[in-house]
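Hi everyone, thanks for coming. Today I'd like to walk you through one protein chain, piece by piece. Have a look at the screen first.

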Amino acid sequence: MSPAEIAGLAPMVVGAGLALFLILLIVQVVRYVRATPGMRRSIWLAVRIRFRWARLAEMAGLCVADKKPTIGAQIGQEFSSDKNRKIEPRTLVPKIKVIPDEYGVIITATCLPKVSLEEFQKAARFLADAWGCVRVSVVPADRPGQVTIRAVREDPLATTTVHVPTGLPPKDVTRWEIGMDEFALPAIVSFNNVPGATVAGGTGKGKTSFLNRLLSDLAPSPLVQFAVIDGKASSADEGDYASIAPRLFRFVGDDLKAANTFLKEMVDLRRRRVALVRSVFGTANMWHQGPTEQWPLIIIIVDEAHTFLRDYKGNDPETKKLAALAADNARLIEDLVKKGRSVGMVTIPTTQKPTGDAIPTFIRDICPVSLSFAQRTTDAAVAALGDDIRDWDDANPVNLQHPSYVGVLVMRADDRPGFIRVRTPYVSDADTARIAAATAYLTRDPIAFIVALEGGPNFRKDYPQGPGSLAA
Ligand SMILES: Nc1ncnc2c1ncn2[C@@H]1O[C@H](COP(=O)(O)OP(=O)(O)OP(=O)(O)O)[C@@H](O)[C@H]1O
């Protein structure tokens, strides 16, 4: 191609470049117009951060000076007329990528020598002030050599949210979606790592609504079966679990003996599952393939656990009987939490009692997840979350007394030391009842499945083969 022909193509190339630029601009404008008001504010924040980053990073001490001239600069110096010209050190600024969302922005920044996670974390408070954000957190990014900076414009803890369960089976029944943390990031716990979770909090702080969400999100799946022992009600049609009752394979009221009998059945089921798990799944851990309809995840909620576990004191025969039952209940719950994980059994004791004996520490300490809604005293917070909550005043649930914090809980952070606060959404009883009624047909007693698996002449043959089935 001759130079004249190449020059002739130039207008076409420029035209194509302009057209591309225009298309990208239109896409951005359409995105902006269709965005929610919150998203629009975040887009503006992202633009501001992007354009002011180089100056701000320098002021925040996040830049480094590279004194050694680059090869390009040295060659330039060789050919320069002024051989004595001093080559200035270059200022290296961490490269960033900014993505806006409803609550703020997520920034991925590349580390530099002497500017890595710790330096970004130290600068977080300064960055929050400069960007006008309520909170900025810095955590390691998925890729080595990068950090993720989360900046939130408004406090997600102070905004009440509502969750309407869809009634559709969840894609992943191991995902326990708790809510949104103080950095507006989803707080999620995985059931395949969690054999037990304790839930504590003063009365009216949101425990029931929180459990309603768990139950009504998972209820449409045949892979999960639920049981409730409720220390506040005598029968399933009264109390907090009346709405979900049709989807429970068992409800036990506030009778210590009945609770003890049921817990013994569950420990027996746990033992029988342990005995069978290898022959059914080919591995000692059912989570490698399960759960399945015939080997469902079993969630056992022990509400007002102190009714069943507290230390009864007295020498009269009746009190002694209750004390023996309570001690046995504690032993059975401990067994389920200690040994239930690999066979798909999760126990969730809850309490509004602010004392250490409500959920004995030997149970609390083996539950990998401890959650606490607002508490009145630090002693109550310690009983719920463990002694080290004293060292994390910001996250202490005694500071959640304001009515706007109903539905906010505190849990241990899994990616760093300390605790994190989480806004849980409100789930109405009416929605829970709607889901329970629509999914009641999925309720099965898991004991019947284990009996079939153990002795049935059609052992395994009865069950559908395929991914996640009981095929050996
Ligand atoms: N996540 C939430 N967000 C906003 N408001 C909530 C939330 N959860 C509950 N509430 C409000 O608080 C009230 C009490 O909630 P809930 O019954 O869940 O408390 P609780 O801790 O279970 O109380 P109790 O221990 O007495 O049973 C609800 O009726 C609702 O108005």
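Two housekeeping points. This is a predicted model, where local features need pLDDT of at least 70 and side-chain atom pairs count only at pLDDT 80 or more, while totals for chains, interfaces and linings use all residues. Residues are numbered from 1 along each chain as its sequence is written.

Let's begin with the annotations. UniProt, in an unreviewed entry, lists residues 6–33 as "transmembrane region". UniProt positions follow the numbering used here, feature names are shortened, and annotations may be inferred rather than shown by experiment. Over residues 6–33 the chain is 100% helix and 0% strand, with end C-alpha atoms 40 Å apart. When I say helix or strand, I mean DSSP runs numbered from the N terminus: H or I of at least four residues for helices, E of at least two for strands. The unreviewed entry also has "domain: FtsK" for residues 184–382. Over that stretch, 184–382, the chain is 37% helix and 20% strand.

Now, which domains does the assignment give? There is domain 1 (34–65 + 89–154) and domain 2 (157–455), with bounds that come from an automatic or database domain assignment. Their centres, taken over C-alpha atoms, are separated by 38 Å. Eight residues from domain 1 and seven residues from domain 2 make the contact, which is counted when C-beta atoms, placed from the backbone, lie within 7 Å. On the side of domain 1 that touches domain 2, β5 (135–140) and β6 (146–152) each supply at least two residues. The largest share of that side, three residues, comes from β5.

β5 also belongs to a sheet. This open sheet has four strands in the order β3-β4-β6-β5, with antiparallel pairing; two strands pair if DSSP finds at least two bridges between them. β3 (96–100) and β5 stand at the edges with a single partner strand each, so one side of each has no neighbour in the sheet. From one strand to the next, the twist averages 20°. Angles like this run from 0 to 180 degrees between N-to-C directions, using lines fitted to C-alpha atoms, for helices over the stretch in contact.

β3 pairs with β4 (residues 104–110) over five antiparallel bridges, and P100 stands opposite V105 in β4. Helix α2 (residues 37–59) lies across β3 and β4, at about 165° to β3. Helix α4 (residues 117–131) packs on the sheet too, touching β4, β5 and β6, and its direction makes about 160° with that of β5.

On to another sheet. How many strands does it have? This open sheet has 10, in the order β8-β7-β16-β15-β14-β9-β13-β12-β10-β11, with mixed pairing. Its edge strands are β8 (186–190) and β11 (248–252), each pairing on one side only. Here the twist averages 25° from one strand to the next. β10 (residues 224–230) and β11 run parallel, joined by four bridges, and I229 stands opposite V252 in β11. Helix α8 (residues 317–339) lies across β12 (297–303) and β13 (345–351), at about 130° to β13.

Finally, the ligand. It is surrounded by 16 residues, the closest being G206, K207, T208, S209 and G407; a residue is near when its C-beta atom, placed from the backbone, lies within 6 Å. That shell divides into three nonpolar, 10 polar and three charged residues. Here Ala, Val, Leu, Ile, Met, Phe, Trp, Tyr, Cys and Pro count as nonpolar, Asp, Glu, Lys and Arg as charged, and the others, Gly among them, as polar.

How values were computed: Contact = placed C-beta atoms within 7 Å.
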